[in-house]
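Reader: I am new to this structure and would like to go through it with you. Could you show it to me, please?
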Amino acid sequence: MLFVFFAAAGCEKFVEPDAPATSVNEENVYKSDATAIAVLTGIYARMATNGLFTGSGGISFLSGLSADELTLAGVVTENRLIAYYRNELRTTPNENYGIDVWRDIFYYIFQSNAAIERVGNATTLSASVKQQLLGEARFMRAFFYFYLVNLVGEAPLVLTTEAAINAVLPRSPVPVVYQQIVADLKEAQQLLSENYLNKDLQIYAGTPERVRPTKWAATALLARTYLYLADYANAETEASKIIDNNPRFSLPALNNVFLKNSDEAIWQLQPVQAARNTEDAFTFTLPVTGPNATANPVYLSPQTLHAFEPGDGRRKGGNWIDSVIVSGTNYFYPAKYKATTASGAASEYLMVFRLAELYLVRAEARAQQNNIGDARDDLNTIRTRAGLPGTKANDKASLVTAVLNERQVEFFTEWGHRWLDLKRTGNVGAIMSVVTPLKANGRAWQSYQQWYPVLYNDILLNPRLSQNSGYQTP
């Protein structure tokens with residue numbers, strides 16, 4: 001908790017609270033609005049660094065390696081990256097490749113639980129600050145659990161900071177975890193402000209920064225969650241809350257989507273590293289010398305490039321894809337984020353939720369309910385921005401396929417969408433049985449590889465905790 005607080009207090013971009021009059025500890029952190037706000041701010045600041053949520057250790061990067069989105073450069077020798085790429089993750093006393101998600105997300109879940117407990121019990125916070133922070137903490141817990149359950153599968157449902165209880169929790173079934181995600185998001189919707197708030201949790205006087213969660217971020221994640229649960233009616237309802245009658249959000253031109261405070265942004269992470277924009281730009285943008293073994297080890301796979309239709313504006317002109325030619329080889333790389341460094345204020349913020357996802361969530365949900373005309377309209381909204389003609393799909397099956405194809409080219413290298421889509425639709429085996437042998441020197445794909453493993457040492461310490469099938473267990 002204190003680590004997160006100090007990280008936040010040292011980050012002027014996010015918050016500049018006065019120093020506490022006495023020593024900082026868990027008791028007095030939650031006595032003033034400024035220091036309580038800093039705890040949640042610290043979570044966002046940590047997420048924006050090169051960790052599990054951005055850059056070369058981020059979900060976009062790691063799941064892109066696991067799926068068919070990225071190619072790992074042949075010069076790379078780091079065993080961890082090779083394991084993700086070849087779907088050979090393992091966890092033993094000496095090798096822990098693949099536990100990044102398990103270990104790091106539980107760190108964030110603990111921070112969220114601590115905030116829920118301490119803010120909820122605080123008696124000296126202003127009512128508006130207390131309400132917003134409780135909403136942010138519940139939203140964040142749901143956010144972290146969403147990625148944990150979709151990348152690892154069953155997970156202990158840790159809802160308190162009681163170490164004795166948490167140390168012996170078994171893995172809860174996926175539907176049970178989803179129940180908690182939905183409950184947290186519904187509560188967050190009621191607590192969070194509809195407006196973007198500044199570092200003091202006040203409404204901006206000028207152009208708002210979209211870097212704190214709002215009611216709309218909770219609604220976006222709830223719409224996605226319902227889609228994953230195949231609750232299509234509720235997915236459509238939640239997506240419509242953002243798409244319809246909400247002047248805050250619109251679809252800008254392709255090269256304006258990923259800018260700071262983009263009109264499409266529902267929630268963004270503000271860069272916190274000095275002289276940098278997003279860590280994703282720093283990781284994915286290839287230098288003129290091409291991919292290398294350290295800072296820029298990946299480029300776009302042939303499968304990703306071939307998914308684009310002729311004339312797709314996302315594919316051409318250096319819009320969302322660019323390339324460098326090295327010794328006659330053309331290496332294509334993601335160019336959604338274009339500025340790797342910043343001499344002054346950052347010009348690009350890392351996009352977490354954006355409006356295009358809600359259009360495609362609603363398109364898929366409507367298609368699944370046989371509302372073909374409206375589903376086609378939502379899909380075509382995204383295709384039109386990309387410079388493509390309207391879809392020719394005119395029945396449920398073909399329209400769902402068209403939406404999934406659109407998701408592949410719209411959300412490549414964003415937050416694991418491709419990897420999670422392959423799994424939730426049951427298509428992961430068909431795709432990866434072809435791709436994995438190409439990446440792993442002919443080794444066959446095995447279905448258990450779609451789940452990342454549990455940390456080996458956690459299984460040793462908790463007799464009620466089990467490993468995912470297929471991985472070595474103690």
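Reader: What should I know about the model itself?
Author: This is a predicted model, in which local features need pLDDT of at least 70 and side-chain atom pairs count only at pLDDT 80 or more, while totals for chains, interfaces and linings use all residues. Residues are numbered from 1 along each chain as its sequence is written, and side-chain values use heavy atoms, with hydrogens and water left out.

Reader: At what angle do H10 and H17 pack?
Author: Helix H10 (residues 215-228) and helix H17 (residues 417-424) pack at about 35 degrees, and their axes are 11 Å apart. Axes are lines fitted to C-alpha atoms, for helices over the stretch in contact, and angles run from 0 to 180 degrees between N-to-C directions. Helices (H or I, at least four residues) and strands (E, at least two) are DSSP runs, numbered from the N terminus.

Reader: Changing topic, how many salt bridges does the structure hold?
Author: The structure holds 34 salt bridges, each being a side-chain nitrogen of Lys or Arg within 4 Å of a carboxyl oxygen of Asp or Glu. In one of them, arginine 385 pairs with glutamate 264, and the closest N and O atoms are 2.4 Å apart.

Reader: Why does that pair tie together parts that are 121 residues apart in sequence?
Author: The pair does so because arginine 385 lies in helix H15 (residues 372-385), whereas glutamate 264 lies in the loop between H11 and S4.

Reader: Buried or exposed, what is glutamate 264?
Author: Glutamate 264 is buried, with a relative accessible area of 0%. Arginine 385 also counts as buried, at 15% relative accessibility. Buried means under 20% relative accessible area, exposed over 50%, and partly exposed in between (1.4 Å probe, protein chains only).

Reader: And which residue forms a salt bridge with glutamate 414?
Author: That residue is lysine 336, with the closest N and O atoms 2.6 Å apart. Both glutamate 414 and lysine 336 are buried. Salt bridges that share partners join these two residues into one network that also includes Glu264, Arg354 and Arg385.

Reader: What lines the largest cavity?
Author: Lys336 and Glu414 are among its lining residues, together with others including Ser60, Phe284, Tyr337 and Trp415. About 70 Å³ of space lies in this cavity, and H12 gives the most to its lining, with three residues. On a 1 Å grid over the protein atoms alone, a cavity is a set of points where a 1.4 Å probe fits but cannot get out, and a pocket is an open set with protein on both sides within 12 Å along at least five of seven lines; lining residues have an atom within 4 Å of a point. Grid points are joined across faces, edges and corners, and a volume is the space filled by probe spheres set on the points.

Reader: How much space lies in the largest pocket?
Author: About 290 Å³ lies there. Its lining divides into eight nonpolar, two polar and two charged residues, and H6 supplies the largest share, three residues.

Note on methods: Nonpolar A, V, L, I, M, F, W, Y, C, P; charged D, E, K, R; others polar.
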